[in-house]
Amino acid sequence: MLPRVGCTCCHDAVKPALCCFLLQLTGVLDDCFCDVESIDVFNNLKIYPRVRKLTERAYFRYYRVNLKRPCPFWPDDGHCAIKDCHVEPCPEVRGQPHSHLNKSKEAFADWARHDDAQDHFCELDDETSPDAEYVDLLLNPERFTGYKGPSAWRVWNSIYEENCFKPRSVYRPLNPLAPSRGESGKPVTGLCLEKRVFYRLISGLHSSINIHLCAEYLLDEGWGRSVWGPNIREFRQRFDTAETKGEGTRRLKNLYFLYLIELRALYKVAPYFERAFVNLYTGNAREDGATKDLLLQIFNEIKAFPMHFDEKSMFAGHKIEAKTLKEEFRLHFKNISKIMDCVGCSKCRLWGKLQTQGLGTALKILFSEKEIKNLPEHSPSKGFQLTRQEIVALLNGFGRLSTSIYQLHNFRQLLKENR
């Protein structure tokens, strides 16, 4: 648990700001009644170990995605030529431990037949595109590939400046690593709750992705063997209070806020998965049963968490105004999803699209509370449903947030060791 006062971990005159800015990441978060320390303990001890195991299982490690769709907003400025930007395709033959996937194309076709037999009442997008293909997420981990510069900056700049409910106090120039002109460490103000939440969700997603890149950074390519690990200098550049004019701590708090939003969505959707006839199909009954048992364990831990985000205050005003704002919220988010097709690095695009769909699925759940409550107990529903892709994105997206918070703990330890 983080100390609340002082800066006892730092004695080197050059490093105190780097260490102390993480000590400022403490206390109650804005717009909710949960504190950072409680989330750290809950996530790192109870959720992270389980969700990591879950995302390694066959159902959750394969994600169907279209990485060939052109950018709809500006001319293609070229793709990343660095080898680590490339997405490794699923091999034709797989060995243990998933022997039922020995012939992957046959297995994926079987999954498609199973999914097509279910009732669907939503757009499938990438799932039905002829250019979409399954990607093994374990073969393509999210990490720093070397993709950076104007192409990468343009994507985030477009998200923040054109598509986000952004408070006037926060300025994000073309280069997101350049200092912000926001007020140092002060909460976002001047927006209604819904628009403030939207901005914090996008900021939290950006922070989470940046933590992954800093924690899995390409440190050495010597002798034909790449070495990946944490890069403290890169982490400081993105989050240190001194480097970001006080904006870094707020970015990290937005990560925790996003974690609470997606945690709440999982809490709300638990009844959907708890019904006996809902399975996580891969064709191997024993594997599928074990995967569902592990998922239900995670749901039970989430139910026991005492400080969930209360979404009831959102879209709770005048019905017409609330409906208009909710639709505007949805369209802004849909536009951000499309911007992910402008990411030049294939591996970055893969994880950007997955985490964006995961957040979109979480919002879909929070906006569908009545439909989930009215689900039939013993028969398939013709109301609220989730596709395989939404389920995979939801749990992997939440897994990425859980990993980010766990990695923050690792950065604290590294900073203490290097004091």
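**Helix packing and two residues in a predicted model**

Trainee: In which sense, right-handed or left-handed, does helix 6 pass helix 11?

Mentor: The structure shown is a predicted model. In this model, the crossing in which helix 6 passes helix 11 is right-handed.

Trainee: Which residues of helix 11 make the contact with helix 6?

Mentor: Helix 6 spans residues 193-215 and helix 11 spans residues 346-366, and their axes come within 11 Å, crossing at roughly 145°. From helix 6, the contact is made by Leu 201, Leu 205, Ser 208, Ile 209 and His 212. By class, the contact residues comprise 5 nonpolar, 4 polar and no charged. On the side of helix 11, the residues are Gln 355, Thr 356, Leu 359 and Leu 363.

Trainee: Why does helix 8 count as oblique to helix 11?

Mentor: The axes of helix 8 and helix 11 lie 9 Å apart. Angles under 35 degrees would count as roughly parallel, and those from 65 to 115 as roughly perpendicular. Helix 8 is oblique to helix 11 because the angle between them is about 55°.

Trainee: How many charged residues are in the contact of helix 8 with helix 11?

Mentor: This crossing is left-handed. Helix 8 contributes Leu 258, Ile 261, Glu 262, Arg 264, Ala 265, Lys 268 and Val 269, while helix 11 contributes Gly 358, Leu 359, Ala 362, Ile 365 and Leu 366. By class, there are 8 nonpolar residues and 1 polar residue, and the number of charged residues is 3.

Trainee: Is Tyr 267 buried, partly exposed or exposed?

Mentor: Tyr 267 is found in helix 8, residues 247-274, and touches Ile 302, Lys 303 and His 308 beyond its sequence neighbours up to four places away. Buried requires under 20% relative accessible area and exposed over 50%. Tyr 267 has 32% relative accessibility, so it counts as partly exposed.

Trainee: What distance separates the C-alpha atoms of Tyr 267 and Phe 299?

Mentor: Along the chain, Tyr 267 and Phe 299 are 32 residues apart.

Trainee: Is Asn 231 buried or exposed?

Mentor: Asn 231 has its place in the loop between strand 4 (227-229) and helix 7 (232-239). Leaving aside residues up to four places away in sequence, Asn 231 touches Cys 214, Tyr 217 and Phe 411. Its relative accessibility is 16%, and therefore Asn 231 counts as buried.

Trainee: What percentage of the residues in the protein are buried?

Mentor: The protein has 13 helices and 4 strands. Of its 419 residues, the buried share is 54%.

Technical notes:
Residues numbered from 1 in each chain as written. Predicted model: local features only at pLDDT ≥ 70, side-chain atom pairs only at ≥ 80, totals over all residues. Heavy atoms only, no water. Axes fitted to C-alpha atoms, helices over the stretch in contact; angles between N-to-C directions. Left-handed = near helix turned anticlockwise from the far one by under 90°. Contact = heavy atoms within 4.5 Å. Nonpolar A, V, L, I, M, F, W, Y, C, P; charged D, E, K, R; others polar. Buried < 20%, exposed > 50% of the residue type's maximum accessible area, 1.4 Å probe, protein only. Parallel < 35°, antiparallel > 145°, perpendicular 65-115°, else oblique.
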